[in-house]
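Here are a few notes from my pass through this one. Have a look at the model first, then read on.

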Amino acid sequence: MTDQVQEAISTANEWNDAFNVGDVETCISHMHFPHLRLSGKNEFESFKDPDAYRDRHKNSFKMLREKEGWHHTTSLSVDAVQMGAEKVHLTIRQSRRHEDGTEYKVFDTFWIITKIDGRWGLQFRSSFLDARG
């Protein structure tokens with residue numbers, strides 16, 4: 001595994017760990033902006049800066065818990081499918097789980113991790129997660 005792939009996977013894992021505990025600031029520290037997300041319904045979300053991401057996610061974790069009984073998301077697999085010196089494409093299979101560890105939703109996602117100013121960060125996410133199903 002190349003250094004850039006190790007850095008990209010580490011960045012993805014650390015972002016996911018922060019997401020699981022609702023730590024928006026640590027998520028932001030593992031991102032680059034502008035940041036784009038393409039949902040499972042093919043709708044783009046664009047976050048031009050950290051404040052835009054903060055505003056969008058201030059209640060997200062509470063809503064996930066109330067609506068789905070979500071407790072955490074586990075990455076079942078993480079694979080680098082393309083890589084360069086300053087950009088890595090990852091395919092990730094994720095599992096949403098309840099507090100008791102019961103899996104209730106599995107989905108595939110594609111992340112682009114970029115190295116800007118010497119730092120690796122998540123810059124683009126596209127998933128097949130559909131919040132309706």
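1. Where is the place of P34? This is a predicted model, and in it P34 sits in strand 1. As background, most peptide bonds are trans.

2. Strand 1 covers residues 31–38 and pairs with strand 6 in the parallel sense, over 4 bridges. One of the contacts to check is M31, whose bridge partner in strand 6 is L122.

3. Strand 6 also has strand 5 (residues 103–116) as a partner: these two run antiparallel and are joined by 8 bridges. Here T109 has S127 of strand 6 as its bridge partner. Of the 9 residues of strand 6 (residues 119–127), 8 are buried, so the strand is largely enclosed by the rest of the structure.

4. Now for the backbone angles. Most residues other than glycine have a negative phi. D117 takes a positive phi near 50° in the hairpin of strand 5 and strand 6, which has 2 residues between the strands. D117 counts as exposed because its relative accessibility is 81%, the cut-off being over 50%.

5. N42 is another non-glycine residue with a positive phi, near 60°. You'll find N42 in the loop between strand 1 and strand 2 (44–47), and it is exposed, with a relative accessible area of 63%.

6. D3 belongs to helix 1 (residues 3–20) and counts as exposed at 57% relative accessibility.

Key. Residues numbered from 1 in each chain as written. Predicted model: local features only at pLDDT ≥ 70, side-chain atom pairs only at ≥ 80, totals over all residues. Heavy atoms only, no water. Buried < 20%, exposed > 50% of the residue type's maximum accessible area, 1.4 Å probe, protein only. Pairing = 2+ DSSP bridges.
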